[in-house]
Amino acid sequence: MRSQGSNNWRVLGSQILVCVCCSAAAFADPAPPLSPTNIFAPASTPASSIFELSLFVLAVTGTIFLAVFFLLLYSVVKFRKRKNDDGREPPQVYGSNQVELAWTIIPILIVVALFMATARVIATVQETARLDNAIEVIAIGHQFWWEYRYPALGVVTANELHVPVSDPDHPTPTFIKLLSADTDHSFWVPRLAGKTDLIPNHPNSMWIDPHKTGVYLGQCAQYCGTQHAKMLLSIYVQSREDFDRWAQQQSQPSQEGDSTAAGQRIFETTACINCHTVAGTVASGRFGPDLTHLMSRDTIAAGAAKNTPENLRRWILNPDAIKPGSLMPAMQLSDPELDALTAYLETLR
Amino acid sequence: MSTDSIAWPSTTAESRSLVDHLHEWIVTVDHKRLGMLYILYALVFLVIAGIEATIIRIQLIRPHNDFVSPQVFNRLFTMHGTTMIFFVTMPILFGFANYLIPLMIGARDMAFPRLNAFSFWMTAFGGLLLYFSLVGANGLYGAGNAPDIGWFAYAPLTSQTFSLGHSTDFWTLALLVSGFGSIGTAINIVATIVCMRCPGMTLAKMPLFAWLNLVMGGLVILAVSPLTAAQIMLLVDRYLGGHFFDTQAGGSAVIWMHFFWIFGHPEVYVLVLPAFAFASEIIPVFSRKPIFGYSVMVGATVAIGFISMSVWAHHMFTVGMGSAANTFFVISTMAIAVPTGIKIFNWLATMWGGKIEFRTPMLFCIAFLFQFLVAGLTGVMLSAAPFNWQLGSSYFVVAHFHYVIVGGILFTLFGAFYYWFPKMSGKMYSETLGKLHFWLFLIGFHLTFDFMHIPGLLGMPRRIYTYEPGRGWDTWNVIVTIGVFFQAAGILVFLGNLLWSYYRGKAAGSDPWDAWTLEWSTNSPPPAYNFYTIPTVQSRRPLWDLKHPDDPDWKYE
Amino acid sequence: MMNTTLMTLPPPEIEWKLPARGRVAMYALIAAEAAIFTIFVVAYLFYIDKSLSGPMPREVLSPPFFYSVCLLSSSLTIHLACKSLRGGTVRRFGAWWLLTITLGVLFLFGTASEWHRLIYEDGLTISTNLFGTTYYSLVGLHGFHVVVGLVCLSTVMAFTLFGAVKQEHAERLDVLSLYWHFVDAVWIVVFIVVYVIGR
């Protein structure tokens, strides 16, 4: 039978190995190949401030961990009962005031240091003054999609947020006001900022200033019902010119086309217009996403499926097939109606 | 009434019918039997909630899996969390407290035996009510629905608008009912410890187990009551047209969060203090030394109790409370790390210079020390509010709290099972099976909960029934799921060990561990009246004094 | 494995007096109840002036001075009752006890008539607005505790009339009176919050 002592080595050995692997994995190359939602790969000032604080916190807690871990390890090895034990009880030590004082004062000092570093970052992130040239967006959380309004630009869209890239020397941040139309949600795009909740009757705000163009991913981070998992976020960071062009195009009403008049009629006579808006037509529902420029988006159903004609048709036929529990009802349309309707929606660029 | 062992279906044939046996157990007011009932009840729900967790992990083993539907998944995580907290951990800890406190303080029973029984049955009924929702939540018109609102049931998801049917009501009522049971037990624990200690056992001489449960009782009294209040408010909203959490009428969803977490945070200290109690009894005995720094341990416990009432909004850092509030809760949360850390150091110092015996209870407690250290440190990370803005509501938090509850509390609970099993049953458990259980569970725990931190760091939120491929989460989720099967195997070995040892174990005698507190001075299992005569004590370790009359503790304390 | 039965090296008989468990349990219960009331009071304070519509406190509330005096003096009468019982005068105890119950019932009657007026004349119900919800919940929760207290007091009254209450029960009734004092103290807080601060 293996001795008690070497049993113990294996316990601790396996624990060390596991801890090292975790740390390595976490700190490994934080570039997108590891994950597009890696909190250790910041691309915007709020995320960077948090990242720097996290390095400090990890350094402190890591040091404490190593110190106490090795003390524990040492004690279970050194003070194990030997096979040739004489059966006498060891010296009965009841305590030591000096030692207690030491390991009270030192943790208090560590806590003070951690607290000061933390308080500074809270202030930096939460009390940033709004810049005049900032883009203002109102994000409204719904079950289970995101509504975006740019009041100054006259743009209303859904699910894919476009913002201009921000040059660190001449920042053009985007300030996002967070509201909710129903239950609690949370806006989390890890590479750009920490998460902030969207709570009805409790407006919140956050800001981002992405330094590099690209698409940044995230998703809702506060359980909001059946399809919480598929309330995905995509933020399209574009150059200033591209962004302005996008905003210009989004603020136009839809263009009428004759070839899809049948589809448009179906759209306007079925219940679609109760929930959806198509600017420039009679459709002005607010319950579901604005569809004026539906085809300018890469995905539908808040990222649940790619925006292709087949998926669009499948979605309208039965939303539950793609996103079971979504609040859009199946419209009971026949095949020809579906074809016409899809063709019409395909014109909403 | 028999004066020897409490009537388990014993190995010597007794000519009592099964109905008589059951009746005795149902009407019992004996703290030892009620303790057993709590523990057995909790073990049944441990298996149920464990199966719920297993299904959750199978669903999450790969992206876009369809093992269960989103509706079922959402019910599973709600039921898993609610069951584990209210119908596994709390009852099992109350069970051990009920069983051991009178024995440790030299009393014959708890202060209020009938209140004790009432509290148990209230808790038991609450659990049944929660699971009845599976059948009854749609008003019996069709299959029922378990609640799917998450264990903290944020408003307005719980309003009639978003939670149709009755599943939310079953959640609310089940917790309301079991809450009354918890408060009853807490009042009983406080009254017992304050009023029924044997002669000579001043507060400064009672076992740390009693101190930790005393503070736990105080916390239950102060913390479960806010939950009761919040649930009454929720019922007023749902059935009387009230507007407490009705955002359309100017109500606040955030105030539900405040009320819930004013309960929810002290609740986790309610869960962890008894775990500390187990560690504080087991580690000294298997290190062959008294606990290092008894008075400091008491002080730290009381400090933890107080501070824990002031940290609740660290669960709400992302809610938009403003930087002043965020800053306050950072400092209060970091402050609680200090007395908690002191405890770890004191346990370490208890082992230091001792002669450690690696029996199964001690193995679990040693693992607890390492794991609780990690859990505490990830807690410190979470207390830094901006870091929390990334880590909060993600799998990092799920990993953190499971590290505390499984790696900390459940491990010491296993230690407690093995340590006190000989006392409760009169038999020794199988050390081989105990060690097998330990290794299986240790491996499974670390596979699951170490690696679970990583998807959180890579952006995976909690409570999602599936996830997108290409986010770097896939492999980690596979490893996490594999660990579950090792843990399940460990639990099966554990349950098997309990059963086998109960029937086939060697007789344990009254003091198999050569320990020092009063429960080891009476028979195993103790007679219904606990002690032949009420003892008088002179120190914290009365049996040490008896065994070492030339070197008694009271000369040094 | 020793089978020690604990015998005490007989030290001299020590003086060993611990608090009475009934009293400690009652204090613990009062602490729990205080915590529940605190949450309702916090909700009331938080929602002052936040109702979007409907009757406002200053329009419809008038402080129930008379009934409050009734309730608060019942604390005095119950104290006198317990004092009488400790002194052995059971009949006087019965008289003060009955007066306590009467004052409590009067208070409930006052609450009931106030609610009647609010509902039928002012149109304020629990679902009208935030004020209605928080008002009826807080005052209602307190009223519920008065009812529970009166049930206990009436049970004791019944026992007294049957001659079952004796001087040796004084301590127990003192503990019960703690609950009644608590109910009165809560009313002081509720009164201040609802009729003074909230208006």
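Across the two chains, 86 residues of chain A are in contact with 84 residues of chain B (contact: C-beta atoms, placed from the backbone, within 7 Å). This is a predicted model, where local features need pLDDT of at least 70, side-chain atom pairs count only at pLDDT 80 or more, and totals for chains, interfaces and linings use all residues. Residues are numbered from 1 along each chain as its sequence is written, with chains lettered from A in the order in which they are written.

User: Which helix gives the most to the side of chain B that touches chain A?

Analyst: Several helices (DSSP runs of H or I, at least four residues; strands are E, at least two) each supply at least two residues there, including α3 (70-105) and α7 (253-287) of chain B. With 16 residues, the one that gives the most is α9(B).

User: What strand order does the open sheet of chain A have?

Analyst: Strands count as paired if DSSP finds at least two bridges between them. β4 (160-164) and β7 (196-198) of chain A are the edges, each pairing on one side only. β6 (residues 185-188) and β7(A) pair in the antiparallel sense over 3 bridges. Overall the pairing is mixed, and the order is β4-β10-β9-β6-β7.

User: At about what angle does helix α4 of chain A run to β4(A)?

Analyst: Angles run from 0 to 180 degrees between N-to-C directions, using axes fitted to C-alpha atoms, for helices over the stretch in contact. Helix α4 (residues 240-250) lies across β4 and β10 (232-238) of chain A, and its angle to β4(A) is about 135 degrees.
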